[in-house]
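I opened the model and kept notes on what I looked up. The entries follow in the order I made them.

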Amino acid sequence: MDMWQQTLDVLNAPITEIDGKILTPLGVIQIFVILAITIAALLPLRRLLRRALSERLNLDERASAWIVRLTTWLVMLVGIYIALTSVGFNLNLLLAIIGGLSVGIAFGTQDIARNLISGVIVSAERRIGVGAEIEIRGFRGFVEEVGPRSVRLRLPDGRRVLLASVDFMAQSVNAARAAYGIRRRRAGRMTA
């Protein structure tokens, strides 16, 4: 019984005081356990998210890697927040600062976000594909690449044009010949 009391005394002994909160070895262990649980939960979440993005939404590898990376950072930040607040640290001021910064960042990157969301929708709907001949915004050419933020066209004179994904949501697209769709259907018939 005396050994348990001594162990509890050591675990509850103050290490330091930060902003009026006393940090103990037991609190440090609690922080590390919560972070370990967060990391352990991230591993299957990353695999599940990567599979869902590639199989169900048919996103290309770069877009799905970017979304998985962003999700990983968000989950880690939430885990750190939970770990620190569980031992009594008040992070409301930090959250207010982060909230203010996020509003500024959101205004600064709204075009990028709009293009990314449009790119996900265009990829999911499969409105256009590589090899399709299309006309949009006065440009007529063949689709070379459908990326998360943009679509690259090769014009008949050899020039390449990079169009934002949001253009494919806001304007009509005239498909002259959907070579991509024809090849895809033929490939489906051959395998069926």
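**Salt bridges first**

I began with E145, which forms a salt bridge with R152; their closest N and O atoms are 3.3 Å apart. I note that this is a predicted model. I then looked up how open the two partners are. E145 has a relative accessibility of 25% and so counts as partly exposed. R152 is partly exposed as well, with a relative accessible area of 29%.

I next checked E144, whose salt bridge is with R154, the closest N and O atoms being 2.6 Å apart. This pair links distant parts of the chain, since E144 lies in strand β4 and R154 in strand β5, 10 residues apart. E144 is partly exposed at a relative accessible area of 24%. R154, at 30% relative accessibility, also counts as partly exposed.

Which residues are linked with E144 in a network of salt bridges? I found E145, R152, R154 and R160 in the network with E144.

I also looked at R159 and D157, whose side chains meet in a salt bridge of 2.9 Å, N to O. R159 is partly exposed, with a relative accessible area of 49%. D157 has a relative accessible area of 54%; the cut-off for exposed is over 50%, so D157 is exposed. My search of the whole structure gave 6 salt bridges.

**The strands that carry them**

I traced how β4 is paired. On one side I have strand β3 (residues 132-136), which pairs with strand β4 (residues 139-146) in the antiparallel sense over 4 bridges. In this pairing I136 stands opposite F139 in β4. β3 and β4 form a hairpin with 2 residues between them, and R137 in the turn has a positive phi of about 55°.

β4 is also joined by 4 bridges to strand β5 (residues 150-154), and these two run antiparallel. Here V143 stands opposite L153 in β5. This hairpin has 3 residues between β4 and β5.

Is E133 buried or exposed? I located E133 in strand β3. Its relative accessibility is 16%, and the cut-off for buried is under 20%, so E133 counts as buried. The side chain of E133 makes a polar contact of 3.4 Å with that of R140.

**Helix α3**

I compared the length of helix α3 with expectation. The helix has 26 residues (residues 61-86), which at 1.5 Å a residue should span 38 Å; the end C-alpha atoms are 37 Å apart, which agrees.

I listed the buried residues of α3 as A63, S64, V68, T72, G79 and A83. What do these buried residues pack against? They pack against α2 (25-56). For the spacing, I recall that an α-helix has 3.6 residues a turn, so residues three or four places apart point the same way. Just after α3, G88 takes a positive phi of about 105°.

**Whole chain**

The chain has 7 helices and 7 strands. From the N terminus on, I read the elements as α-β-β-α-α-α-α-β-β-β-β-α-β-α. The chain has 192 residues, of which 23% count as buried.

Definitions and conventions:
Residues numbered from 1 in each chain as written. Predicted model: local features only at pLDDT ≥ 70, side-chain atom pairs only at ≥ 80, totals over all residues. Heavy atoms only, no water. Buried < 20%, exposed > 50% of the residue type's maximum accessible area, 1.4 Å probe, protein only. Expected span 1.5 Å × (residues − 1). Contact = heavy atoms within 4.5 Å. Pairing = 2+ DSSP bridges. Polar contact = N/O pair within 3.5 Å; in protein donor to acceptor, adjacent residues only side chain to side chain. Salt bridge = Lys/Arg side-chain N within 4 Å of Asp/Glu carboxyl O.
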